[in-house]
Amino acid sequence: MSLGLACAVAAAAGSAAAAPRASAVDPVVVGDAMPEPLTSLPGDVARGRSIVGDRRVGLCLLCHAGPFPEPASQGTLAPDLAGAGDRWSTGQLRLRVADARRLNPATPMPSYLGSGERRVGRAWRGRPVLTAQQVEDVVAYLGTLRR
Ligand code: HEC
């Protein structure tokens, strides 16, 4: 999986290169959560859904399944995202998307807001994979995934 993933992540990095970057954030982590929103604008559920579902932006479905059509094109490496809004608080979801490695240094999940992500295309080194607003959008969407 790692080679294919590296390519896909590199492709995602290239396709989103024109997107505006968020300014550097220094999010506060409390326990296993990031309780404070990263942006002043609340996350947008519809935008979050499209980031999660788009295999060139969030790439989430490379590893996760979720409530999307075409189950065959969804990953089985990671927990199904269905019910994520029941399992985790908003702050817990935020930390998992922003910096999963902080919770599990060995996780294959990219640290989407970290600038130290190495498994991305060269253009992406030293920059976050998702903007802070995109993380908020994804978190808002995940919060709606209830069983
Ligand atoms: C390279 C694979 C990979 C990618 C890409 C990935 N994840 Fe994950 N994710 C994982 C794994 C594996 C776990 C299990 C936790 C761990 O590894 O510590 C996980 C855990 C999670 C969890 C907690 C799972 C639970 O128990 O409910 C959430 C939420 C999550 N990911 C969301 C996302 C979102 C949203 C994206 C896209 C923006 C994403 N992931 C992209 C591999 C991935």
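**Helix α2.** I looked up which residues of helix α2 (residues 45–53) are buried, and found Gly48, Arg49, Ile51 and Val52. I count a residue as buried if 20 or more other C-beta atoms lie within 10 Å of its own, as exposed if 12 or fewer do, and as partly exposed in between, with C-beta atoms placed from the backbone. Helices (H or I, at least four residues) and strands (E, at least two) are DSSP runs, numbered from the N terminus.

**Model and numbering.** This is a predicted model, in which local features need pLDDT of at least 70 and side-chain atom pairs count only at pLDDT 80 or more, while totals for chains, interfaces and linings use all residues. Residues are numbered from 1 along each chain as its sequence is written.

**Nonpolar core.** I recorded 26 residues in the largest nonpolar core, a core being a set of buried Ala, Val, Leu, Ile, Met, Phe, Trp, Tyr and Cys residues joined through C-beta atoms within 7 Å. At least two residues of this core come from each of α2, α3, α5 and α6. Helix α6 gives the largest share, 7 residues. Val97 is one of the residues with the most contacts inside the core. Leaving aside residues up to four places away in sequence, I found Val97 touching Tyr112, Val135, Val138 and Val139; contact requires C-beta atoms, placed from the backbone, within 7 Å.

**Ligand shell.** I listed 24 residues around the ligand, of which Cys60, Cys63, Ala78, Thr107 and Met109 come nearest. A residue is near the molecule if its C-beta atom, placed from the backbone, lies within 6 Å of it. Two or more residues of the shell come from each of α3 (60–63), α4 (84–87), α5 (90–99) and α6 (132–143). The shell divides into 18 nonpolar, 4 polar and 2 charged residues. Here Ala, Val, Leu, Ile, Met, Phe, Trp, Tyr, Cys and Pro count as nonpolar, Asp, Glu, Lys and Arg as charged, and the others, Gly among them, as polar.

**Positive phi.** Most residues other than glycine have a negative phi. I noted a phi near 60° for Leu59, in the loop between α2 and α3, and for Glu70, in the loop between α3 and α4. Leu59 is buried, with 23 other C-beta atoms within 10 Å, whereas Glu70 is exposed, with 8.

Methods:
Contact = placed C-beta atoms within 7 Å.
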